[in-house]
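Student: Hi! Could you walk me through this structure? I'm new to it.

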Amino acid sequence: MIIVNLDVMMAKRKISSYELADKIGITQANLSILKTGKGKAIRFSTLEKICEVLDCKPGDILDYQKEEKK
Amino acid sequence: MFIIEIDKMGKLLKKIVWIGMLLAIPCIVGIPFILKHNSNMIYSMLIVYPNGCMMLKIAYEFYKMFDSLEKKQPFTIQNVNLLRKTGCLSYGMSVLWIIDLGILIFLIKNTYIDYIIILIFLSILFFGVGIALWTLSLLLQQATEYKEENDLTI
């Protein structure tokens, strides 16, 4: 499964949700969906803007973890 | 081009279904009094009664569905379940018409071909409606899933 490490990166860059949402151009509600991992997909354009604002690479925000079979 | 406003249409359909339900209730209640003098129809009445109740339930489910149209939120899992339920009720009605047909032929030994043809037609019709509603519920389910995916794409 894909893990979203956006809050870790935000903490590193000391940026608030309000500021990040404003700079990316999405609503805080959508940013919250992204942060909590409830989102189903992310557009390349959004990812690009996040990377631009947080000065990082997509790999710093998104991570892959193998799901354990129950 | 004439564009139908979905909320206004929802309101109108709700009113139509509501009037239909109000008219149907006295009809169902009045069936025993209407058929009092026709002893051949007593068995059939046992089938007509649950069928009437099922029809009312279907109308009520549609009434709830038009409520979501009014709120401009038709793509919900509740509507999928409502359509599925109405589809099942329609299958049930079809089965009841077949039972009525059986009663008419084997118990009452009715030879009126008109009745038999009408009952065959009704059972096929409601089976078809059931299939249509079931298919629509699957389509709505797919559409709801797509919408949810689209809403959750950031």
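Student: Which residue forms a salt bridge with A:Glu19?
Tutor: That partner is A:Lys23, with the closest N and O atoms 3.3 Å apart in this predicted model. A salt bridge here is a side-chain nitrogen of Lys or Arg within 4 Å of a carboxyl oxygen of Asp or Glu.

Student: Why would side chains pair up like that?
Tutor: Side chains of opposite charge can pair when their charged atoms come close.

Student: And how far apart are A:Glu19 and A:Lys23 along helix H2 of chain A?
Tutor: They are four residues apart in that helix (residues 17-24), so about one helical turn separates them. Helices (H or I, at least four residues) are DSSP runs, numbered from the N terminus.

Student: Before I go on, how are things numbered and counted?
Tutor: Residues are numbered from 1 along each chain as its sequence is written, while chains are lettered from A and ligands numbered from 1 in the order written.

Student: OK, over to chain B. What does B:Glu61 pair with?
Tutor: B:Glu61 makes a salt bridge with B:Lys57, their closest N and O atoms being 2.9 Å apart. Both sit in helix H2 (residues 42-70) of chain B.

Student: Is B:Glu61 buried or exposed?
Tutor: B:Glu61 is buried, at 0% relative accessible area, whereas B:Lys57 is partly exposed at 33%. Buried means under 20% relative accessible area, exposed over 50%, and partly exposed in between (1.4 Å probe, protein chains only).

Student: What about B:Lys147?
Tutor: B:Lys147 meets B:Asp151 in a salt bridge, 2.8 Å from N to O. These two lie four residues apart in helix H4 of chain B. Elsewhere, salt bridges that share partners join B:Lys57, B:Glu61, B:Lys64 and B:Lys85 into one network.

Student: Where is confidence lowest in chain B?
Tutor: In H1(B), at a mean pLDDT of 79, while H4 (residues 113-151) is highest at 90.

Definitions and conventions
This is a predicted model: local features need pLDDT of at least 70, side-chain atom pairs count only at pLDDT 80 or more; totals for chains, interfaces and linings use all residues. Side-chain values use heavy atoms; hydrogens and water are left out. pLDDT is the predictor's confidence in each residue, from 0 to 100.
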